[in-house]
Amino acid sequence: MQKFILGKKNHITIVSAILIMIAYVSKLGFKNEPIAIWSLIIASVLGVIPIAIQAYQALKVKVVSIDVLVTIAVIGAFIIKNYEESAIVTFLFLFGAYLEQRTLNKTRSAIKELTEMAPEVALKQLKNGEFEEVEIEEVDVGDILLVKTGAKIPVDGTVLTGEGHINEASITGEAVPVSKKKDSGVYAGTILENGTLQITADRVGEDTTFGKIIELVEEAQDSKSEAERFIDRFSKYYTPAVLGLSFIVGLISRDIELAITILVLGCPGALVIGVPVSNVAGIGNGARHSVLLKGSEVISDFSRLDTMVFDKTGTLTIGNPKVADKEIYADNVDEVLAYLSSVEKESDHPLAKAVVEYIGDTKSYTVEKTVVVKGGGIVAHVEGHRVAVGNVALMEQENVLLSEKVRGDIARFEENGNSLVLTSVDGELKVLIGIRDQIRPGVKEDLQQLKKLGVKNLVVLSGDNQGTVDLVARELGLTEAHGHMLPEDKSAYIKALQERGQIVAFVGDGVNDSPSLALAQIGIAMGSGTDVAIETSDVVLMNSDFSRLPYALGLTKATANNMLQNIIIAVGVVLVLLASVFFSEWMNMSIGMLVHEASILVVILNAMRLLRYKL
């Protein structure tokens, strides 16, 4: 029964409004007092029922909520036969709840849009080789699916056959279609604009990148910030305090109507709703602009940020390095380059890929006894030779002699901003390669924007050589630059900053930098929504667009300011109303309730401005 009544709250609100109108028409138009009184009585009883049920539910869990205050106030007004006040108070309270819910639903539109974009069906290959449309829940990892022009990609998968262009805006934020062919990866929720593809399902349902995005936004919107937790605690004590004040005033003044008016006007409705609606609106705006804020606590920390630390490769730079310089110290050049290519094919490191791409087609040898040296490179055996590929530290570890000429070449390469790849065969240096990455377009302007938004320190930490890192830092105007940093060195550096009282954000690619992303107060992942990025970081820039970073910071600052404005509005209105009760002649329960509900609407509308936020 309770569930049924609460489900009909909006209908009760409409009926109450009609009854109040009938009462005023009867009283003022036809001078019919009995009909007016009975209309107000029915409106009061109907209106207080859902409020009383919510009050009872709150008391059951030992919470003295706003509904308790309003219920007591309405019953009190009813007892003293002030039916006009009781009817208007219940109507305004119910109408305020309706406006609040409607506006909250609008602020949650980002998650609604996301869920509507989620695929519901797929064309699945059966045992006889034919394709049949099935519900998305019936698709398993390994299934072969057919995607036709205009259809949504139902899972994260790999293209088996066919070619086409896919709109990946739902994942990356980029509207420009991306070409896909055999062995290309595809994301659930993206749209095949032309062509026909057969794909193998790699991840399905909630495990897809799109599923994780939806889960992340839902978690973020449901999480509570420190400000919200404080308000929850505040309300727990505030409501009994208002009850106590009302009782004392009633006892001293012997004026029951005054005591009941204090109950109504003391309701902290705008305070309770103001902070959550700001958070929801801010997170919703971010989600629509490919900035995923992982919870309202992140908004609080991010808005007070003073130090931002960056990984270099793939963050400040494009992450697609190319061979720029080389020196050969061997006579058997082709054989050594073939050894080098064979070893580098064992690695997924960007520098290794650049070397393999540069060498091109060459003879491939079997690589044995491969050992990955953390922060150094790779040591392996090829055709009976011990081949070491890596940085200067690895060469020294392998006791490779570096002549004065070689050291001069290394210094020259580093001055030019190259990352170094040295290759030794049986303890003798054979090849020195210099690889350079390109700085992301527009990064310098974005960093200047971050400074304008209040970030005091911009630091780059990289495993690359110091010369390369210094070159990038000088070009971008960074505060500090540190090279030769292993993942544990980066974590230690961030910890040291935090111990000095700084609020630190770390921006990385979400893979090898996951310890730093987890340790920093705000971990910000570049990269198109990779699993590690979503799970480890606090903020995800879904389209790897660096320009979203100042937008994200500006949005969190605007959201934090919006919360503060709503708190000031809510507390200010309650103080003014209570002061008016004691020090003015015009204040009564109906006027107070109208102002009170108007304040709830004001804080909601103020929060909704965040939906239209632009940097």
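This is a predicted model: local features need pLDDT of at least 70, side-chain atom pairs count only at pLDDT 80 or more; totals for chains, interfaces and linings use all residues.
Q: What about contacts, what share join residues at least 24 apart?
A: If you take contacts between residues at least 6 apart in sequence, 66% of them join residues at least 24 apart.

Q: OK, switching to rings. How many aromatic pairs are there?
A: The count comes to five aromatic pairs. One of them is F91 with F95, a stacked pair at 5.7 Å centre to centre and 10 degrees between the planes.

Q: Why does that one get called stacked?
A: Because planes under 30 degrees apart count as stacked, and the F91 and F95 planes have 10 degrees between them.

Q: Where do F91 and F95 sit in the fold?
A: Both are in helix α5, residues 83-107. They are four residues apart there, so about one helical turn separates them.

Q: Give me another pair. What's the geometry of F310 and F546?
A: That pair is tilted, with 5.8 Å centre to centre and 35 degrees between the planes.

Q: Which parts of the chain does the pair link?
A: Distant ones: F310 is in strand β11 (residues 307-311), whereas F546 is in the loop between β22 (539-541) and α23 (548-583). The two residues are 236 residues apart.

Q: Are those two buried or exposed?
A: F310 counts as buried at 0% relative accessibility. F546 is buried as well, at 3%.

Q: Which ring does the charged end of R548 sit over?
A: The ring of Y551. The charged end of R548 is 4.7 Å from the centre of that ring.

Q: Let's do sheets. What's the strand order in the open sheet of three strands?
A: The order is β6-β5-β8, and the pairing is antiparallel. At the edges are β6 (178-180) and β8 (191-195), each pairing on one side only. From one strand to the next, the twist averages 35 degrees.

Q: How many bridges join β5 to β8?
A: Four bridges, with β5 covering residues 164-167 and the two strands running antiparallel. As one example, N167 has I191 in β8 as its bridge partner.

Q: And what does β3 pair with?
A: Two bridges join β3 (residues 144-147) to β1 (residues 121-125), and these strands run antiparallel. Four bridges join β3 to β9 (residues 197-203), also antiparallel.

Q: What's S462 in contact with, sequence neighbours aside?
A: Leaving out neighbours within four places in sequence, S462 is in contact with K312, V469, H482, G483, H484, M485 and K490. S462 lies in the loop between β18 (457-461) and α19 (466-476), and counts as buried at 2% relative accessibility.

Q: Last one, where is T370 and what is it in contact with?
A: T370 is found in strand β13, residues 367-373. Apart from neighbours within four places in sequence, T370 is in contact with E346, I378, V379 and A380. T370 is partly exposed, with a relative accessible area of 34%.

Q: And how far is the C-alpha atom of T370 from that of A388?
A: The separation is 9.8 Å, and the two residues are 18 residues apart along the chain.

How values were computed:
Residues are numbered from 1 along each chain as its sequence is written. Side-chain values use heavy atoms; hydrogens and water are left out. Rings of Phe, Tyr and Trp (its six-membered ring) pair if their centres lie within 6.5 Å; planes under 30 degrees apart count as stacked, over 60 as edge-to-face and the rest as tilted. Buried means under 20% relative accessible area, exposed over 50%, partly exposed in between (1.4 Å probe, protein chains only). A charge sits over a ring if NZ of Lys or CZ of Arg is within 6 Å of the ring centre and within 35 degrees of the ring normal. Two strands pair if DSSP finds at least two bridges between them. Axes are lines fitted to C-alpha atoms, for helices over the stretch in contact, and angles run from 0 to 180 degrees between N-to-C directions. Contact means heavy atoms within 4.5 Å.
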